[in-house]
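User: I am new to this structure. Please pick one part and take me through it closely, from its overall build down to single residues.

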Amino acid sequence: MATVTLDHLRKDFPDGTVAVEDFSLLIEDGEFLTLLGPSGCGKTTTLRMIAGLETPTGGAIRFGDRRVDDLAPGQRNIAMVFQSYALYPHMTVRQNLEYPLKKHGVPREERRRRADELALMLQIGPLLDRRPKQLSGGQQQRVALGRALIRDPEVFLLDEPLSNLDATLRAQLRAELIQLHQRIGKTMVYVTHDQFEAMTMSTRIAVLHQGRLQQVGTPDEVYRRPANRFVASFVGTPAMNFLTGEIAGEGDRIAIAGVTTPVSLPPERAAALRELSPARDVIVGLRPEDILVGTGEASATIKLVEPLGHEALVYLDIGGQSVISRASSEMSLRAKESTAIDFRAARLHLFDPASGRRLDC
Amino acid sequence: MEPSNRKRESRERWLGLALISPTMVLFLTLVAYPLAASIGFSLFSINTLTLQGRFVGFDNYTRLFGQAAFWTSFQNTLIWTVSAVSLQLLCGIGFALLLHRSFPGRSLARGLVLFPYLLPTAVAILVWQWMFNDLYGIINYGLLSAGLVSKPIAWLSHMPDAMVSIVLVGTWKLFPFVVIAVLARLQTIPEQLYEAARLDGAGVWARFWDITLPQLRGVLVIVVLLRSIWDFKEFDLIYLMTGGGPAIGTQTLPLMVYKEAFPLLNLGRGAAVAVAMLVFMLAFFLLYFRTYGKEEEER
């Protein structure tokens, strides 16, 4: 069993920075969990604590039932792929692959056999006698993966492994990593600041901000029901639009500032909001695809149109509030013109203006 | 080719020659001429004071190679160079590793370790001679007080103690060079290599052998090369410590050059020893470069 339990984990650095605070999470066996967040959010520190490269100042880490906080990194039966790959530059690819086995006393013949097997699987066979600096970024990444795989560890830790690659290679390796995870079925903890990677690869995503866990959920949950304003703004490109508004009617309508007609909510959403007092101020969150251009009763002024080929991003002014919407590239939209707009009421998000928390949980 | 292009190329060629000419003039006057003059002198029997002499061909060399003192000096040079360079490497790497770790007062310690290297040799040797003095030196005092010896040791007038003394002082004086070079390299080794090794199950020693040493290799090759050249021709430290004594117990080839050329006033013979030194060094470094140059290419 290789579940990973983080139990009220905390990390203070000597300079007083609190890198991670009260972080609890159960990572299931065989899960691909992504720690997502902007730089400085504590995701890499968390990963390094799981690896044993940083000592937590509070809380506990368990693999299955075994507490691992006091174990040296080499005794935790984990493997890590670093952002810079950290291949040993003076060793050949084969020596790099065999190194973890050598340090664990695996006999030479066995080491050779396993390195050959992995080289075949990762298609790096012809590179076995080369040194890391003679390899391309993608090839180095494969070797780094190979070195992680060779010991058949319980848990894989990946620290932004794709961020040094160009876009094409990144897409290719992303797909390879997904396939690899499906094939070996091991627990993987993946750190990235790239929400696209997180959305495409993960079983679940844990969003971190300022050392605190903001939300854990499937990519779909995180995208469709963000727990707070930070998650809502961090996940999704272009980012979610935020408009000021208030709850109107019987709690079944939302008045958005600058829009004359309040938006009616579907009954199931309205029911969730009924307990909130009417006339309460809210922040209305709308994804760009949920603002429809060229239809509806409300109107907005087009500020700018960015054609992307398959679609266009339309920058709108709604009563003095700026928003971005997606529109079909076939529509003829021109800057400075006025256009009709509509909102997908069922997909509208409401947040508390003070705390930023989602209101209709 | 267009005439204007040809003109420009010719102008650039002249400009290139003009730019390297100052270096060439310096090289010819400061390196090539003295070297040629030394080789020339070694073929003459010349009085150092009058600079009068006659051409003797290879007589200086045949005489030299038949002289036991020459081979003893050669042997002494090898013993001194090999021991001093090895000890400097050992201490240099050790101190560099120590100073690479973080501890309170590290900057001060890094500055202090350079002290022996910066101290003028004459001053340092004066102090060491006092310390090694058999009657009132602190070293003998310490050894006697601790009961390690029953009577004072005549460090500088007895063999092999005299050689041990100059090797120890040489190491003390010169190891900071190794510290600087190794410390500079240590700071550029990515921390992640050590982290990866820890995850791969490497302990402290394994990390030193498998990461640190291979990473230091390049700088150590250069350090060994430079320190060997410098220590092979070290003069002032040995001359001031023992003057080559007792008898010729610590006389190295540079001291022999000096002795032949100045006290014995035979510039030709002194030059012949110097040329022999040059040949030994060239042979050593050709071998050295062949061994390490090839390996570096393979990397």
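Analyst: Start with contacts inside chain A. Two residues are in contact here if their C-beta atoms, placed from the backbone, lie within 7 Å.

A word on reading this. The model is predicted, local features need pLDDT of at least 70, side-chain atom pairs count only at pLDDT 80 or more, and totals for chains, interfaces and linings use all residues. Residues are numbered from 1 along each chain as its sequence is written, while chains are lettered from A and ligands numbered from 1 in the order in which they are written.

Now the build of chain A. Its C-alpha trace spans about 75 × 45 × 40 Å along the principal axes. The chain has nine helices and 19 strands. These are DSSP runs numbered from the N terminus: helices are H or I with at least four residues, strands are E with at least two. Chain A holds 361 residues, and 40% of them count as buried. Buried means that 20 or more other C-beta atoms lie within 10 Å of the residue's own; 12 or fewer makes it exposed, and in between it is partly exposed, with C-beta atoms placed from the backbone.

Next, the domains. The assignment for chain A gives domain 1 (4–234) and domain 2 (241–351). Such bounds come from an automatic or database domain assignment. Taken over C-alpha atoms, the centres of domain 1 and domain 2 of chain A are 39 Å apart. Where they touch, domain 1 of chain A gives four residues and domain 2 of chain A gives four residues. The domain 1 side of that contact in chain A has two nonpolar residues, one polar and one charged. For these classes, Ala, Val, Leu, Ile, Met, Phe, Trp, Tyr, Cys and Pro are nonpolar; Asp, Glu, Lys and Arg are charged; the others, Gly among them, are polar.

Chain A also touches chain B. That contact takes 18 residues from chain A and 15 residues from chain B. On the chain A side, strand E6 (78–81) and helix H2 (93–103) each supply at least two residues. By class, this side of chain A divides into twelve nonpolar, four polar and two charged residues.

One is Pro238(A). A cis peptide bond joins Thr237(A) to Pro238(A), with omega at about -10°. Pro238(A) sits in the loop between helix H8 (229–234) and strand E11 (241–248) of chain A.

Another is His8(A). This residue is not a glycine, yet its phi is positive, near 50°. His8(A) belongs to strand E1 (residues 4–12) of chain A. It has 12 other C-beta atoms within 10 Å, so His8(A) is exposed.

Then comes Glu160(A). Its phi is positive too, about 40°, although Glu160(A) is not a glycine. Glu160(A) lies in the loop between strand E7 (155–159) and helix H5 (167–184) of chain A. Glu160(A) has 19 C-beta neighbours inside 10 Å and therefore counts as partly exposed.

For context, look across at the partner chain. Chain B has a cis peptide bond between Met159(B) and Pro160(B), with omega about 0°. Pro160(B) lies in the loop between helix H7 (138–145) and helix H8 (161–186) of chain B.
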